[in-house]
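Me: I want to go through this protein–DNA model piece by piece. Can you take my questions in turn?

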Protein chains: 2
Amino acid sequence: MATGRTHRPATRSRGIPEATVARLPLYLRALTALSERSVPTVSSEELATAAGVNSAKLRKDFSYLGSYGTRGVGYDVEYLVYQISRELGLTQDWPVVIVGIGNLGAALANYGGFASRGFRVAALIDADPGMAGKPVAGIPVQHTDELEKIITENGVSIGVIATPAGAAQQVCDRLVAAGITSILNFAPTVLTVPDGVDVRKVDLSIELQILAFHEQRKAGEEVAAPEEAAGAVPPPPVAHRAPSAGPGADSGRQGPDGDVPAVMPA
Amino acid sequence: MATGRTHRPATRSRGIPEATVARLPLYLRALTALSERSVPTVSSEELATAAGVNSAKLRKDFSYLGSYGTRGVGYDVEYLVYQISRELGLTQDWPVVIVGIGNLGAALANYGGFASRGFRVAALIDADPGMAGKPVAGIPVQHTDELEKIITENGVSIGVIATPAGAAQQVCDRLVAAGITSILNFAPTVLTVPDGVDVRKVDLSIELQILAFHEQRKAGEEVAAPEEAAGAVPPPPVAHRAPSAGPGADSGRQGPDGDVPAVMPA
DNA sequence: CTGTGTGAAAGCTTTCACAGCT
DNA sequence: AGCTGTGAAAGCTTTCACACAG
């Protein structure tokens with residue numbers, strides 16, 4: 001795909017695997033809950049259950065951070081909370097801007113988990129002049145014209161895009177031009193960004209479609225081979241030959257726990 | 001972790017890799033856009049760019065579905081749209097219930113991409129009696145008491161949880177008991193479900209935390225080794241020795257495109 | 001004895017690179 | 001000529017299972 005990326009052989013050292021990074025927030029949440037209940041220590045088994053993973057994985061994950069446990073005992077909750085927070089960069093506060101204050105943007109602005117762990121909503125931005133000044137979650141919405149100014153003045157480096165798909169790339173370009181280097185995209189579009197900018201995306205309909213896939217599989221297994229529910233089957237537009245057989249009924253689908261989100265570093 | 005899962009040796013056959021399944025919706029979206037512009041065929045290179053992946057990956061992915069392309073030419077857009085839709089189970093309509101109609105639930109109810117591709121919002125459910133009857137996105141909200149009835153009568157198998165964290169597990173249990181077998185969870189909690197039920201989760205603050213991690217890395221690289229921004233560093237509660245050194249400045253972080261969501265089949 | 005930390009094995013996923021249709 | 005389909009190589013991730021610290 002065009003560019004080609006330098007394919008750096010990995011500078012080694014403190015390279016925490018991406019899969020592990022993606023689970024750290026999970027552990028952190030579980031640990032925070034324990035901390036609130038004043039639980040002093042926890043074993044890998046207990047913590048793993050609370051976080052919804054298995055203990056081997058958890059121990060391996062923690063081993064990348066260092067040896068923070070005590071053999072025969074477990075992990076010190078407070079200490080781990082601090083170590084993971086630090087590793088994730090949550091010991092500092094990250095100002096965040098949310099662009100696109102529709103239902104979703106409002107939901108994000110109101111989301112408590114935001115403010116609690118290291119993030120601060122620095123501004124809400126919307127293209128609708130009618131929204132300007134209106135407070136959402138206690139923060140007055142500002143107009144898109146102010147975008148660059150807001151980002152620069154607040155030293156914002158993380159932006160959340162909650163606009164309609166059509167506006168996303170444009171907003172993204174402006175965010176990046178203004179100095180944003182991490183973007184969380186809720187719009188159902190592929191964003192193109194320059195090298196060095198991270199984009200993570202959250203996509204409703206994609207998640208649903210993946211569920212539908214598995215749901216269909218389950219139905220197929222139960223009834224053996226429904227072959228294709230009765231009904232209007234749009235005929236293949238071209239006279240391709242079917243690869244070999246029909247939609248085979250098979251495969252006892254049931255993957256293990258898998259879990260690995262995405263980073264697309266530009 | 002309790003259960004232990006039968007560890008089936010994979011029944012082989014039509015087993016499409018999970019990573020591939022997770023990308024099919026992406027391809028489908030790109031293809032739908034092409035279809036709307038009446039583009040008849042597309043090469044793996046073009047389609048891959050539109051979907052934000054590389055062409056080798058795309059071809060490999062398609063190879064699991066069958067040989068739907070034409071060498072020297074590319075893929076027939078309409079035909080591929082149909083094949084992928086069918087593979088994902090989108091040729092049938094999936095009724096969906098959304099539980100928890102706050103800002104987020106409302107955003108989901110209003111989300112167009114929902115209705116467009118194979119999904120139909122069968123009902124909106126909320127625990128607040130004051131919401132009952134109030135229409136959101138043109139659909140009247142129903143009270144939680146009706147939950148079981150709604151699911152049974154509409155043959156709903158997919159549920160979306162958009163409640164506060166505290167209510168999520170309880171709602172989940174009721175959904176499952178009523179016959180739901182796929183859940184999309186927006187509440188920041190680990191859900192426990194019986195075997196055979198798929199759960200996918202979307203978690204705002206987790207995504208942000210992952211971004212913060214990478215953001216921190218970037219900052220660290222620029223300044224070489226900030227060692228720990230000045231300020232109150234909560235001292236390790238216990239006198240553990242630091243693993244070896246401070247937060248080493250290193251590792252030219254820059255993973256390849258990676259992308260792989262999660263299924264946690266119970 | 002208990003539960004961590006970790007090499008080594010087993011599985012997945014991605015990338016390469018090229019044979020083979022059209 | 002051009003572009004798909006795919007074995008084989010290279011990377012990641014997860015799981016095993018056990019030495020060893022407390």
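Reply: A polar contact here is a pair of N or O atoms within 3.5 Å. Keep in mind that the model is predicted.

Me: Which residue of chain B has a polar backbone atom 2.6 Å from a phosphate oxygen of DNA strand D?

Reply: Chain B reaches phosphate oxygens of DNA strand D through backbone atoms too. Gly69(B) places a polar backbone atom 2.9 Å from one. The residue at 2.6 Å is Ser44(B).

Me: Which elements of chain B give two or more residues to the surface near DNA strand D?

Reply: Both chains contribute. From chain A come α1 (18–36) and α3 (55–65). From chain B come α3 (55–65), β2 (69–70) and β3 (74–76).

Me: How many residues of the surface near DNA strand D are charged?

Reply: There are 27 residues around DNA strand D. Six of them are nonpolar and ten are polar. The charged ones number eleven.

Me: Which residue of chain A has a polar side-chain atom 3.3 Å from a base nitrogen of DNA strand C?

Reply: Take the other contacts to DNA strand C first. Arg71(A) puts a polar side-chain atom 2.9 Å from a sugar or linking oxygen. Gly72(A) has a polar backbone atom 3.3 Å from a sugar or linking oxygen. The base nitrogen is approached by Lys60(A).

Me: What percentage of residues 26–65 of chain A is helix?

Reply: UniProt lists this span as "DNA-binding region", in an unreviewed entry. Its end C-alpha atoms lie 15 Å apart. Strand accounts for 5% of the span. Helix accounts for 75%.

Me: What percentage of the 266 residues in chain A is buried?

Reply: Chain A has nine helices and eleven strands. It exposes about 12000 Å², with carbon and sulfur atoms supplying 55% of that area. Buried residues make up 48%.

Notes
Residues are numbered from 1 along each chain as its sequence is written. Chains are lettered from A and ligands numbered from 1 in the order in which they are written. This is a predicted model: local features need pLDDT of at least 70, side-chain atom pairs count only at pLDDT 80 or more; totals for chains, interfaces and linings use all residues. Side-chain values use heavy atoms; hydrogens and water are left out. Helices (H or I, at least four residues) and strands (E, at least two) are DSSP runs, numbered from the N terminus. Buried means under 20% relative accessible area, exposed over 50%, partly exposed in between (1.4 Å probe, protein chains only). Accessible areas come from the Shrake-Rupley method with a 1.4 Å probe; for residues, only the protein chains shown count as cover. A residue is near a molecule or strand if one of its heavy atoms lies within 4 Å of it. A polar contact is a pair of N or O atoms within 3.5 Å; within protein, one must be able to donate a hydrogen and the other to accept it, and residues adjacent in sequence count only if both atoms are side-chain atoms. Ala, Val, Leu, Ile, Met, Phe, Trp, Tyr, Cys and Pro count as nonpolar, Asp, Glu, Lys and Arg as charged, and the others, Gly among them, as polar. UniProt positions are given in the numbering used here, feature names are shortened, and annotations may be inferred rather than shown by experiment.
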